[in-house]
Amino acid sequence: HGKAFEALKDTGEVVIWGDREMAGRLAAGMTPITGNEYAGVGRYCEAFAALTVAGEVVAWGEELHGGDSSAVADRLTAGVTSIT
């Protein structure tokens, strides 16, 4: 905990920083988290998720803690209202 951080700006942009090994970067091949309007961000250990205003979830970080959402990716493309 505490080695990587995320911030949600009033513009809807998510900014991430910190230890690259502790989720302070996006996974290879991920869509950048800028360019969308985000409504919320969540964190569990070294994994993060961001919710767009369109209801899509973008996840990154330690896959063992939820940073790899590929198993449910088809269910996270629209209609999500919150992340916890």
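**Figure 1. Val-53 lies in the loop between β4 and β5.** The model shown in this and the following views is predicted. Val-53 has a relative accessibility of 55% and therefore counts as exposed, the cut-off being over 50%. Val-53 and Ala-39 are separated by 14 residues in sequence, while their C-alpha atoms are 5.2 Å apart in space.

**Figure 2. Strands β3, β4 and β5 form an open sheet.** The chain has 5 strands and 0 helices, and its elements run β-β-β-β-β from the N terminus on. In the sheet, 3 strands follow the order β3-β4-β5 with antiparallel pairing. β3 (38–44) and β5 (57–61) are the edge strands, each pairing on one side only. On average, neighbouring strands of the sheet are turned by 15° against each other, with direction ignored.

**Figure 3. Strand β4 pairs with β3 and with β5.** β4 covers residues 47–52 and is joined to β3 by 6 bridges in the antiparallel sense. Across this pairing, Phe-48 of β4 has Arg-43 opposite it. Between β4 and β5 there are 5 bridges, again antiparallel. Ala-49 has Ala-59 in β5 as its bridge partner.

**Figure 4. Phe-48 and Trp-60 form a stacked aromatic pair.** A search of the whole structure finds 1 aromatic pair. The ring centres of Phe-48 and Trp-60 are 5.5 Å apart and the ring planes meet at 10°, so the pair counts as stacked, for which the planes must be under 30 degrees apart. Phe-48 belongs to strand β4 and Trp-60 to strand β5, so the pair ties together parts that are 12 residues apart in sequence. How buried are the two residues? Phe-48 has a relative accessible area of 2% and is buried; Trp-60, at 0%, is buried too.

**Figure 5. The largest nonpolar core has 7 residues.** Phe-48 and Trp-60 are both members of this core, together with Ala-4, Val-14, Tyr-38, Ala-50 and Val-58. β4 and β5 each supply at least two of the core residues. Another core, of 5 residues, lies apart from the largest one and includes Ala-49, Leu-51, Leu-76 and Val-80. Over the chain of 84 residues, 31% count as buried. In β5, 4 of the 5 residues are buried, so this strand is largely enclosed by the rest of the structure.

**Figure 6. The second largest pocket holds about 180 Å³ of space.** The pocket is lined by 15 residues. Which of them are closest to its centre? They are Phe-48, Ala-49, His-65, Gly-66 and Thr-84. Phe-48 also belongs to the largest nonpolar core, whereas Ala-49 belongs to the core of 5 residues that lies apart from it. The elements giving two or more residues to the lining are β3, β4 and β5, the strands that form the open sheet of Figure 2.

Methods:
Residues are numbered from 1 along each chain as its sequence is written. This is a predicted model: local features need pLDDT of at least 70, side-chain atom pairs count only at pLDDT 80 or more; totals for chains, interfaces and linings use all residues. Side-chain values use heavy atoms; hydrogens and water are left out. Two strands pair if DSSP finds at least two bridges between them. Axes are lines fitted to C-alpha atoms, for helices over the stretch in contact, and angles run from 0 to 180 degrees between N-to-C directions. A nonpolar core is a set of buried Ala, Val, Leu, Ile, Met, Phe, Trp, Tyr and Cys residues joined through side-chain atoms within 4.5 Å. Buried means under 20% relative accessible area, exposed over 50%, partly exposed in between (1.4 Å probe, protein chains only). Rings of Phe, Tyr and Trp (its six-membered ring) pair if their centres lie within 6.5 Å; planes under 30 degrees apart count as stacked, over 60 as edge-to-face and the rest as tilted. On a 1 Å grid over the protein atoms alone, a cavity is a set of points where a 1.4 Å probe fits but cannot get out, and a pocket is an open set with protein on both sides within 12 Å along at least five of seven lines; lining residues have an atom within 4 Å of a point. Grid points are joined across faces, edges and corners, and a volume is the space filled by probe spheres set on the points.
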